[in-house]
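Subject: Structure handover

Hello,

Here is the structure I promised you. Please open it and keep it beside this email while you read.

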Amino acid sequence: MIKIIGLSGSLRQGSFNTALLHAAREAMPDGAGLEIGSIRDIPLYDGDLEVAQGIPQPVAALKDAIAAADGLLLATPEYNNSIPGVFKNA
C-alpha cells in the first residue's frame, strides 16, 4: 500500500487547506492512503535547546512519519509570496 503524509501549512481550525487534505484523503485510489499529520505541536526552532535537550518529540515523530512514507502532500496558504512562517519553521 502506498502511504502519503499530508501536512497543512495552516493552524486555523477552519482551514481550507486542511479541508483540502481531508478531501484528498477521501479521493485516494485503492492501494493508497493519505495520513494527515500536523505541525501544531512543532516548537519554534532553537538550536541551543536542541543541543541541550535533543530533538523535541513532536519533531522526531513527524520526521519519522515522513521518512516512512512514500510521498508528502503539502497544502498551504500563500503568505506574502511564500509559505507561512509556522510552516517554514516546521
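First, a definition: a residue is buried under 20% relative accessible area, exposed over 50%, and partly exposed in between (1.4 Å probe, protein chains only). This is a predicted model, where local features need pLDDT of at least 70, side-chain atom pairs count only at pLDDT 80 or more, and totals for chains, interfaces and linings use all residues. Residues are numbered from 1 along each chain as its sequence is written, and side-chain values use heavy atoms, with hydrogens and water left out.

Start with N81. Its relative accessibility is 75%, so N81 counts as exposed. N81 sits in the loop between β3 and α4. Helices (H or I, at least four residues) and strands (E, at least two) are DSSP runs, numbered from the N terminus. Phi of N81 is near 65 degrees, which is positive in a residue other than glycine.

Now N80. This residue lies in the loop between β3 (71–75) and α4 (85–89). N80 is exposed too, because its relative accessibility is 61%. Its phi is also positive, near 50 degrees, and N80 is not glycine.

Then look at S15, in the loop between β1 (2–8) and α1 (16–26). Is S15 buried or exposed? S15 is buried, because its relative accessible area is 4%. Its side chain reaches the backbone nitrogen of N17 at 3.1 Å. S15 also touches S8 and S10 (heavy atoms within 4.5 Å), leaving aside residues up to four places away in sequence.

Best wishes

Note on methods
Polar contact = N/O pair within 3.5 Å; in protein donor to acceptor, adjacent residues only side chain to side chain.
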